Amino acid sequence: AIIAGAALLNALEIVNKDIDRIQVVVNGAGAGAIACAQLYLSLGVRKEHLVMCDSRGVLRQDRTDMKVYKAAFATDRPLHTLAEALQGADVFLGLSVADVLTPAHLHTMAEQPIVFALANPDPEIAYDVATKACPGIIMATGRSNCPNQVNNVLGFPYIFRGALDVRATTVNEAMKLAAARALAALAKAPVPTSVQQAYGNISLAFDKDYLLPKPIDPRLITAVSVAVARAAMASGVAQQPIEDWEAYETR
């Protein structure tokens, strides 16, 4: 959720859309999808602008087959299918099954759609299929052989390092948001030569094909851990506050 949140922030910056105005469709209603949806709301997506689907269709308030975690995302909008939900949507977030999204679906979405097809190992729509069908798309998957891999390793162990260093009593929403924003900011910083070389001296710079830092970026530990530690202190859950931030970053 944290990594997908960082990717969303940067994708929205590229397409110049406000997070509180976008329409989001989440396909999949398991733990991963619910965690992502919750964080998207914390980042500023409006709840009435988010539609979640499971294998039976849109989570609607008149459905009687949902448990409490799904019911929290039920909509009262007159939508029943994924295809209906996608019409005019700005963002598709998939944590479901392969090939559920088609080129025809993409053409019904808003201009410059943002598509995070995160089913693994095969995404909801293949990267090459999506980019060919919709050249203006901002696309991310969970695959390492495509641009914009939404990779959990970007957060581990850095989130826990920041939390443990201040002896945080929990990992709260403020700390998660801080981690997401730190990752988003790092993707906009100049990429070290060592990282460029590791990827065959390709040019890496913030754009629609570079929404997130690479997993081997050595700055991840200071960017994410420090942000998490600061957020833990600011939100009152740190038991061992840090006083010298420069020394902490160096250590």
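By buried I mean under 20% relative accessible area, by exposed over 50%, and by partly exposed anything in between, with a 1.4 Å probe and protein chains only. What we have here is a predicted model, in which local features need pLDDT of at least 70 and side-chain atom pairs count only at pLDDT 80 or more, while totals for chains, interfaces and linings use all residues. Residues are numbered from 1 along each chain as its sequence is written, and side-chain values use heavy atoms, with hydrogens and water left out.

Let me turn to the salt bridges, each being a side-chain nitrogen of Lys or Arg within 4 Å of a carboxyl oxygen of Asp or Glu. Searching the whole structure gives 13 salt bridges, and one of them joins D54 to K70, with the closest N and O atoms 3.1 Å apart. This pair links distant parts of the chain, since D54 sits in strand β2 (residues 50-54) and K70 in helix α3 (residues 68-71), 16 residues apart; helices (H or I, at least four residues) and strands (E, at least two) are DSSP runs, numbered from the N terminus. D54 is buried because its relative accessible area is 12%, whereas K70, at 25%, counts as partly exposed.

In a further salt bridge, R60 meets D62 at 2.8 Å, N to O; R60 is buried at 14% relative accessibility, but D62 is exposed at 51%.

Finally, D217 and R219 form a salt bridge whose closest N and O atoms are 2.7 Å apart, and here D217 is buried at 2% relative accessibility, while R219 is partly exposed at 22%. Salt bridges with shared partners also join D54, R56, R63, D65 and K70 into one network.
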